[in-house]
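Please look over the sequence and the structure shown here. An explanation in running paragraphs comes after them.

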Amino acid sequence: MVSRHTEKKTPLAWYIAFGLASSMAALLLLSLAYQVWNGVGVWGNNQPVAWGWPIVNFVFWVGIGHAGTLISAILFLFRQKWRTSINRAAEAMTLFAVMCALIFPTFHVGRVWVIYWTLPIPNQMEMWPQFKSPLLWDVFAVSSYFIVSLVFWYVGLIPDLATIRDRSSTWLRRKVTGFFSLGWTGANRHWRNYEKAYLLLAGLATPLVLSVHSVVSFDFAVSVLPGWHTTIFPPYFVAGAIFSGFAMVVTLMVIARKVYGLENVITLDVLEKMNIIILVTGTIVGFAYITEFFMAWYSQVEYEQYAFINRAFGPYAWAYWIMMTCNLISPQLFWFKKLRRSIPVMFALSIVVNIGMWFERFVITITSLHRDFLPSSWGYFEPTLTDVTTFIGSFGLFFTLFLLFLRFVPMVAMAEVKGVMPEADPHYYDEGDGHTAESKVPYIQPAQEDNGRNEAGETRGGK
Amino acid sequence: MADSVRSNSVLGWLADPLASTADAAQRAYRFTADRRSYLAPLAIGVALLLVSLVGFATDASQFYFSYFIGWISCLTIAVGALFFLFFNHLTKASWSVVVRRVNESIVWAFPLLFVLGIPIVFGMHDLYHWTHEELYVVGGPEYDPILAGKRGYLNTPFWIARVVVYFALWTFLSYKLYADSVRSDVEGGEGLPAKLRKTSAWGLPLTAVATAFASYDLLMSTDPHWFSTIFGVYFFIGGILAAVSLMVVLLASFQRISGMLDGVVTTEHYHDLGKYMFGFTVFWAYIAFSQYMLIWYAGIPEETIFYKHRLMHGWEWHSAFLVLFHFIVPFLVLLPRFTKRSLPTLSFMAVWLIGMHWFDIHWIAAPVHDAHHTFHWLDLTLGLGLFLVFAGTIVYRLTRHSLVPEKDPYLGDSLHFENV
């Protein structure tokens with residue numbers, strides 16, 4: 001069922017979507033080329049607000065990426081079996097979101113061609129980066145995050161690529177998947193090492209994912225700026241990242257399961273559990289908003305108090321109230337089981353959440369910068385067209401990569417889903433001869449399915 | 001001591017709101033040790049508290065601080081246990097069913113802790129600088145505009161009202177979770193998980209808010225000029241760590257001393273508890289480090305002063321000790337699989353981490369009282385005394401009921417649980 005999507009003839013809809021996404025990605029390239037050629041002044045950043053949309057988008061995309069690692073690593077450590085049907089797509093989403101994120105720290109600098117100076121490379125100037133800067137920590141955090149996510153994703157893919165290899169009918173396909181599956185035969189010895197490696201990677205990825213977004217939060221929290229300098233940022237940013245990332249997974253999975261007919265793999269129960277996590281993390285984020293507000297008052301520091309009054313009632317009050325409505329109020333609808341299990345509701349809400357989370361980063365970055373200690377350097381930030389096209393373009397890049405993934409890679413971790421099927425339990429066939437005690441479902445020969453392209457397969461694949 | 005508790009109904013409710021159901025418990029799940037198991041800690045604890053009264057006569061201020069540190073340590077353990085119970089109900093965790101009754105017994109500590117908290121009210125003048133009236137005399141020599149600005153929040157009647165509300169909420173929730181679970185032993189556990197999950201679902205966010213504000217009111221306001229938004233998280237993470245450790249200590253001593261729960265709570269369950277201890281050790285360090293690093297990095301005077309006091313006059317050793325023995329050593333010891341599965345190492349680390357939790361609270365509160373680092377003998381007698389009374393009543397509660405929720409539908413899963 002899963003392999004088929006990589007084997008059947010590419011549907012027209014995919015080409016249309018891909019064309020759309022890749023033209024948006026082309027827009028990104030154009031915007032970046034324009035910006036590098038003309039200078040960062042083409043963006044709306046100004047003197048008090050020197051961090052505008054690029055940083056907002058960076059934090060937004062890094063946040064999106066976190067759900068993938070959470071699903072694949074943290075839920076693995078907690079032995080949550082429901083993660084198996086979504087983890088592959090979520091990890092792919094992590095990778096693509098991190099790629100989109102990495103564009104922004106690279107290109108928001110004034111001179112992109114000397115960005116390699118941020119790396120600690122011995123050089124003829126005997127100059128080294130400043131290790132006290134959280135922006136440098138970002139370089140290390142996000143690049144190691146990308147590498148570890150990639151390795152983790154690829155290790156997970158090996159058995160599935162071997163399945164594709166074994167099913168392939170053309171020479172080229174067999175060679176390509178055979179190359180990437182590294183001669184996997186599924187031997188007992190392979191599996192033992194594989195499971196151990198997977199557990200270790202999950203154990204390493206978990207502190208990594210928490211630290212990456214904490215480091216991103218340090219970019220703000222280490223400063224002395226009212227509205228930025230607050231100690232709750234590390235866990236609060238992480239919670240926000242999980243919140244927005246899960247919302248993105250829900251958005252994508254709702255579409256993918258429908259289009260690819262995976263309703264029996266990505267079940268409503270799985271989606272419901274994701275919505276519960278959205279509810280929990282949304283509430284944590286909401287609680288952090290209240291804490292910040294309370295502490296701003298409690299601190300009796302006038303700048304701190306003003307920063308928060310300015311957020312709620314200043315020139316950017318609209319952004320603040322969009323953020324509050326989307327992040328604090330809307331996820332609370334998931335308290336109702338009926339809404340939690342309704343596909344249209346969760347689809348709409350997941351988009352609302354991501355709008356809200358984009359505005360959260362906007363509010364944190366821009367409202368704190370545009371009015372701070374000295375009233376003489378108060379400003380107002382307005383984005384330019386290049387800001388907008390860069391952001392839209394980053395979505396183009398994301399969807400281009402995601403569509404390629406859907407087309408060429410098994411989007412559900414087949415080996416893992418098989419491992420958690422009830423039939424995989426050694427005690428499953430204890431009762432009766434091939435019949436379970438309760439359901440009386442007749443025993444189906446697994447070999448039948450393995451022959452591929454049976455009739456049911458053709459009809460389902462034709463959707 | 002215990003007999004007098006049982007004879008007095010009001011005091012009896014402090015220890016356990018329900019009549020004993022131990023006779024109905026299955027043999028395998030009965031508490032089989034004798035009465036010394038709770039009488040001994042209670043007697044020693046009360047004796048230590050009585051001895052400490054001598055200290056009260058000589059140095060009342062020191063007495064209040066030492067008492068406060070011990071009391072907050074026990075309170076955070078109870079709050080942490082409540083969170084741990086919520087998490088397990090909400091995630092439908094089946095592995096933890098066999099250790100749940102111990103968890104529930106820790107949770108029913110709020111009424112007792114509330115009563116034990118009464119001395120704090122008498123010591124408020126010593127503990128909380130903001131209670132001093134002369135700070136608010138405009139134009140007076142002691143006038144403090146910052147504290148005057150906070151007076152709408154930090155004033156004694158409102159403070160007491162808030163603390164009462166927190167305790168009411170904690171007690172109500174723990175009553176629901178404890179009583180529903182204990183009653184199910186006799187009445188059957190058909191709808192039990194759903195019921196407990198429902199309580200936890202609305203209880204968790206409320207408890208989180210209450211606990212965060214309790215941390216500001218009770219602990220952070222001992223240093224009323226200082227503030228930190230992460231403090232609520234710091235407060236309850238340390239509590240969960242100590243609560244899980246206390247569960248390990250209780251279970252391990254029951255099994256070692258009188259073989260209770262043998263074959264019920266297995267290495268697999270200890271392994272999972274060990275993973276929680278490891279996880280929360282790291283989480284505590286993450287929060288503690290984030291708070292320290294961000295304040296150190298920005299160096300804003302009104303915040304940095306908190307750490308400055310804790311990095312001079314001998315307190316720097318205390319701080320270094322925390323880094324090393326609340327994080328690095330437990331991290332390294334609890335990391336390998338075999339140390340989590342070996343009962344001696346795990347229970348040693350559990351005792352250690354409970355001690356470290358007290359040490360952590362001491363680090364926060366004691367520098368307010370004395371800028372020069374000392375350990376007063378009252379720290380030990382009151383800290384240990386309160387903890388033994390707290391732990392003794394937990395054991396006493398456990399003697400009165402089945403040691404596992406017998407009729408929980410997931411008990412079978414929990415008994416057969418294996419780490420994969």
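The paragraphs below go through this predicted model, beginning with chain A as a whole and ending with the surface of chain B.

Chain A is built with 17 helices and zero strands. Of its 463 residues, 53% count as buried. The accessible surface of chain A amounts to about 21200 Å², and carbon and sulfur atoms hold 69% of that area. Among contacts in chain A with a separation of 6 or more, 79% are between residues 24 or more positions apart.

Salt bridges come next. Over all chains, the search of the whole structure gives 15 of them. One of these joins B:Asp272 to A:Arg79, with the closest N and O atoms 2.8 Å apart. This pair crosses between chains: B:Asp272 belongs to helix 13 (residues 267-298) of chain B, while A:Arg79 sits in the loop between helix 3 (53-77) and helix 4 (87-107) of chain A. The two partners can be set against the cut-off for burial, which is a relative accessible area under 20%. B:Asp272 has a relative accessible area of 4%, so this residue is buried. A:Arg79 has 26% and is therefore partly exposed.

The backbone of A:Arg79 also deserves a look. Most residues other than glycine have a negative phi. In A:Arg79, phi is positive, near 55°. A:Gln300 is another residue that is not a glycine and has a positive phi, here about 60°. A:Gln300 lies in the loop between helix 9 and helix 10 (302-313) of chain A. With 22% relative accessibility, A:Gln300 counts as partly exposed.

A:Arg83 is buried, because its relative accessible area is 2%. A:Glu416 also counts as buried, at 16% relative accessibility.

A further salt bridge in chain A is formed by the side chains of A:Arg341 and A:Asp269, again with 2.9 Å from N to O. Here A:Arg341 comes from the loop between helix 12 (337-340) and helix 13 (343-370) of chain A, and A:Asp269 from helix 9 (residues 268-299) of chain A; the two are 72 residues apart. A:Arg341 counts as partly exposed, at 27% relative accessibility. A:Asp269 is partly exposed as well, with a relative accessible area of 39%. Both residues belong to a network of salt bridges that links A:Asp269, A:Glu272, A:Arg340 and A:Arg341.

In chain B, consider how two helices cross. The axes of helix 12 (residues 231-258) and helix 17 (residues 343-369) of chain B come within 8 Å and cross at roughly 145°. The crossing of helix 12 and helix 17 of chain B is left-handed. Helix 12 of chain B contributes residues including B:Gly239, B:Ala242 and B:Leu246 to the contact, and helix 17 of chain B contributes residues including B:Ile354 and B:His357.

Leaving aside residues up to four places away in sequence, B:Ile77 touches B:Gly239, B:Ala242, B:Leu246, B:Ile354 and B:His357, among others including B:Ile106, B:Phe387 and B:Phe390. B:Ile77 and B:His357 are 280 residues apart along the chain, and their C-alpha atoms are separated by 8.9 Å. Is B:Ile77 buried or exposed? With a relative accessible area of 2%, B:Ile77 is buried.

Helix 7 of chain B gives the most, with three residues. B:Ile160 is found in helix 10 of chain B. B:Ile160 has 31%, so it is partly exposed.

Definitions and conventions
Residues are numbered from 1 along each chain as its sequence is written. Chains are lettered from A and ligands numbered from 1 in the order in which they are written. This is a predicted model: local features need pLDDT of at least 70, side-chain atom pairs count only at pLDDT 80 or more; totals for chains, interfaces and linings use all residues. Side-chain values use heavy atoms; hydrogens and water are left out. Helices (H or I, at least four residues) and strands (E, at least two) are DSSP runs, numbered from the N terminus. Buried means under 20% relative accessible area, exposed over 50%, partly exposed in between (1.4 Å probe, protein chains only). Axes are lines fitted to C-alpha atoms, for helices over the stretch in contact, and angles run from 0 to 180 degrees between N-to-C directions. A crossing is left-handed if the near helix is turned anticlockwise from the far one by less than a right angle, and right-handed if clockwise. Contact means heavy atoms within 4.5 Å. Accessible areas come from the Shrake-Rupley method with a 1.4 Å probe; for residues, only the protein chains shown count as cover. A salt bridge is a side-chain nitrogen of Lys or Arg within 4 Å of a carboxyl oxygen of Asp or Glu.
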